[in-house]
Amino acid sequence: MVSSKEVARLAGVSQSTVSRVINNPKSVRKDKRDRVEKVMKELKYRPNSIARSLISNKTNQIALISGTLNSPFFVESTKYIVDYASAHGYNVNVYFEEESKMKNVYDNVFSNTTDGIILSSMYYESDHFEDFEYLNVPYIMYNRRHKNGGNYVEMDNYNAGREAVKFLKSKGHDNILYLGGLLNKSTFMDRLRGYKDELTAQNMPIVDENIIVTQETYDSIEPILLDVFNREKKPTAIFATTDMIALFVFDILSKYGYAIPDDFALISIDNTEAMQHRHFNLTSIGVSTDETMAQVAITKLIDAIESNEDLNCQITLPIQVYDRGTV
């Protein structure tokens with residue numbers, strides 16, 4: 001008996017694409033659909049009629065593709081999304097972002113029937129964006145967006161970068177280290193752009209060695225900060241572009257005997273509840289609205305599912321500085 005795996009191999013597509021050609025052909029680009037249908041015809045492949053019928057039924061399932069749970073931001077947003085969906089009668093299947101395995105993550109999501117998809121894993125130039133556009137299932141991104149738009153809820157990352165510099169400058173800091181993640185994500189692209197533009201607006205030089213773009217891991221950040229500690233003229237402030245990066249900075253500074261804010265001021269972006277704890281009391285930038293990005297996104301998604309109306313959502317939430325004890 002011919003399997004869908006064999007069809008996928010000969011057509012040069014994933015198994016999830018074969019499944020979508022069978023169950024929801026309009027969700028697949030015509031060139032891919034034509035290749036799959038040609039192979040199916042040649043092999044006389046007959047899909048399971050029970051599986052095919054599943055697409056017409058409401059599943060009460062939502063797929064969430066979340067960032068790493070090392071991050072307090074994604075811990076809090078995942079919990080809220082799961083709780084809110086559950087209260088409205090939906091189960092959430094949670095998938096976690098792994099940079100080296102994103103194709104597998106997306107294939108798993110696309111191969112399962114679901115009523116809607118919410119994700120924080122979209123890279124700015126990801127090829128998977130087109131798959132979401134063709135799915136014919138409501139989807140929404142939060143925290144990040146794609147270069148082509150789509151449905152998203154983000155914070156004003158550009159002005160968050162500007163406000164970080166402006167706030168530190170107002171506290172007397174003019175040598176500010178930028179410490180951010182890789183620039184394949186809209187969050188870091190916009191935050192770095194805001195950082196640079198505000199330095200220029202404040203007549204402060206853009207110093208190349210003060211712009212650190214790195215993996216968001218402790219092992220990546222520690223040697224970078226050790227180099228900073230050895231500089232003759234050290235920065236007086238660190239702009240950590242997420243609360244997770246700030247958490248690593250806290251630990252590394254403490255490990256090497258530096259105090260916050262006496263030796264280094266520290267500001268970040270996310271304003272997570274975890275980093276508001278008195279042990280950290282982190283000065284951070286977050287949305288100024290009552291609802292977080294995750295709250296807005298899951299509400300919009302479930303509204304679209306239940307109304308059976310097209311989702312058309314491009315929201316950028318305003319931000320503010322939450323001044324605590326680290327600057």
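Between domain 1 and domain 2, 1 residue pair is in polar contact, with both residues at pLDDT 80 or more. On the side of domain 1 that touches domain 2, helix H2 (residues 15-23) makes the greatest contribution, with 3 residues. Sorted by class, this side of domain 1 holds 1 nonpolar, 5 polar and 4 charged residues. The structure is a predicted model.

The chain is divided into domain 1 (4-47), domain 2 (61-155 + 290-318) and domain 3 (157-287). The C-alpha centres of domain 1 and domain 2 are 26 Å apart. Contact between these two domains involves 10 residues of domain 1 and 9 residues of domain 2. The size of an interface is often expressed as the accessible area lost when the parts come together. Domain 1 and domain 2 bury about 780 Å² between them, and 46% of this lies on carbon and sulfur atoms. Within domain 1, the most area is lost to domain 2 by Ser16, Arg20 and Arg29, which together account for 55% of what that side buries. The two domains have 1 salt bridge between them. A salt bridge joins the side chains of Arg29 and Glu130, at 2.6 Å from N to O.

Met204 lies in the loop between helix H9 (186-201) and strand E7 (211-213). Met204 counts as buried because its relative accessible area is 7%, under the cut-off of 20%. Apart from neighbours within four places in sequence, Met204 is in contact with Lys169, His173, Asp174, Ile176 and Leu199. Ile245 is 41 residues from Met204 along the chain, and the C-alpha atoms of the two residues are separated by 24 Å.

Notes:
Residues are numbered from 1 along each chain as its sequence is written. This is a predicted model: local features need pLDDT of at least 70, side-chain atom pairs count only at pLDDT 80 or more; totals for chains, interfaces and linings use all residues. Side-chain values use heavy atoms; hydrogens and water are left out. Helices (H or I, at least four residues) and strands (E, at least two) are DSSP runs, numbered from the N terminus. Buried means under 20% relative accessible area, exposed over 50%, partly exposed in between (1.4 Å probe, protein chains only). Contact means heavy atoms within 4.5 Å. Domain bounds come from an automatic or database domain assignment. Buried area is the accessible area (1.4 Å probe) that two parts lose on being put together, summed over both. A salt bridge is a side-chain nitrogen of Lys or Arg within 4 Å of a carboxyl oxygen of Asp or Glu. A polar contact is a pair of N or O atoms within 3.5 Å; within protein, one must be able to donate a hydrogen and the other to accept it, and residues adjacent in sequence count only if both atoms are side-chain atoms. Ala, Val, Leu, Ile, Met, Phe, Trp, Tyr, Cys and Pro count as nonpolar, Asp, Glu, Lys and Arg as charged, and the others, Gly among them, as polar.
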